[in-house]
Amino acid sequence: MPVGSEALTRARKEEIVNACAALYKTMGFREITLDAIGKRTSFTRTSIYNYFHTKEEIFLALLQREHEAWIADMQEIFAGPALPSGAFAEAFAHALEGRGCMLKLMSMNLYELEGNSRMENLVAFKRVYAQAMQTIAQGLAKFFPQMGKSGVDAFLYAFFPFLFGIYPYTAATGKQRAAMDLAGMRYTPRTVFEITRALVEKLLPAQG
């Protein structure tokens, strides 16, 4: 563990995660190395090992941060007045559409992140993931009490698996689109917002 205050440790970790996030906007997961991340920080590459043991741990911290931001957005929705199902689906979809990094990591790299991270870091992420589920469950119970526990559970077990697959449907590369054209496969671009809103509307009671 690095010598220094907790504030310094948090700041260093945040700087490393920020560097990783910046690289991930233009590079693939396998292209990004600890060396590349280190070059975007204000301290030496070897210092990274004081905070993260692997590249995957850095990405897992980024994924955890993305979930925390998503939870904050959902809590803001649920703190307001109850919404009818259509308005709720729209607000809920807007909260998710800004979490492209989260969806990309969940769809493409989650097994690698979890498999190559220390248990303490994986547990910290799982706690935040569980908090996301709990936030939605509590919010649905508040806004749509007619759903009951079984209805809320059905929502969760349809929506959370959906999170692991939405990214590829909304971020097809030029090469993928060309292949679909050559294969005679019809491709209609859809956004995270559009797909999420449609799903949530189907999962909620018709009237809220």
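The largest pocket holds about 520 Å³ of space, where a pocket is an open set of points on a 1 Å grid over the protein atoms alone that a 1.4 Å probe fits, with protein on both sides within 12 Å along at least five of seven lines. This is a predicted model, in which local features need pLDDT of at least 70 and side-chain atom pairs count only at pLDDT 80 or more, while totals for chains, interfaces and linings use all residues. Residues are numbered from 1 along each chain as its sequence is written, and side-chain values use heavy atoms, without hydrogens and water.

**Largest pocket**
- Lining the largest pocket are 20 residues, with Lys 13, Phe 52, Ala 61, Gln 64 and Asn 121 nearest its centre, a lining residue having an atom within 4 Å of a point.
- The lining divides into 7 nonpolar, 4 polar and 9 charged residues, and helix 1 (6-24), helix 3 (55-79) and helix 7 each supply at least two of its residues, helices being DSSP runs (H or I) of at least four residues.

**Helix 7 and helix 8**
- The axes of helix 7 (residues 119-143) and helix 8 (residues 148-163) come within 10 Å and cross at roughly 140°, the axes being lines fitted to C-alpha atoms over the stretch in contact and angles running from 0 to 180 degrees between N-to-C directions.
- Helix 7 and helix 8 are therefore oblique to each other, oblique being what remains after under 35 degrees (roughly parallel), over 145 (roughly antiparallel) and 65 to 115 (roughly perpendicular).

**Helix 3 and helix 5**
- Helix 3 packs against helix 5 (residues 100-108) at an angle of about 130°, with the axes 9 Å apart, which makes helix 3 oblique to helix 5.

Conventions
Grid points are joined across faces, edges and corners, and a volume is the space filled by probe spheres set on the points. Ala, Val, Leu, Ile, Met, Phe, Trp, Tyr, Cys and Pro count as nonpolar, Asp, Glu, Lys and Arg as charged, and the others, Gly among them, as polar.
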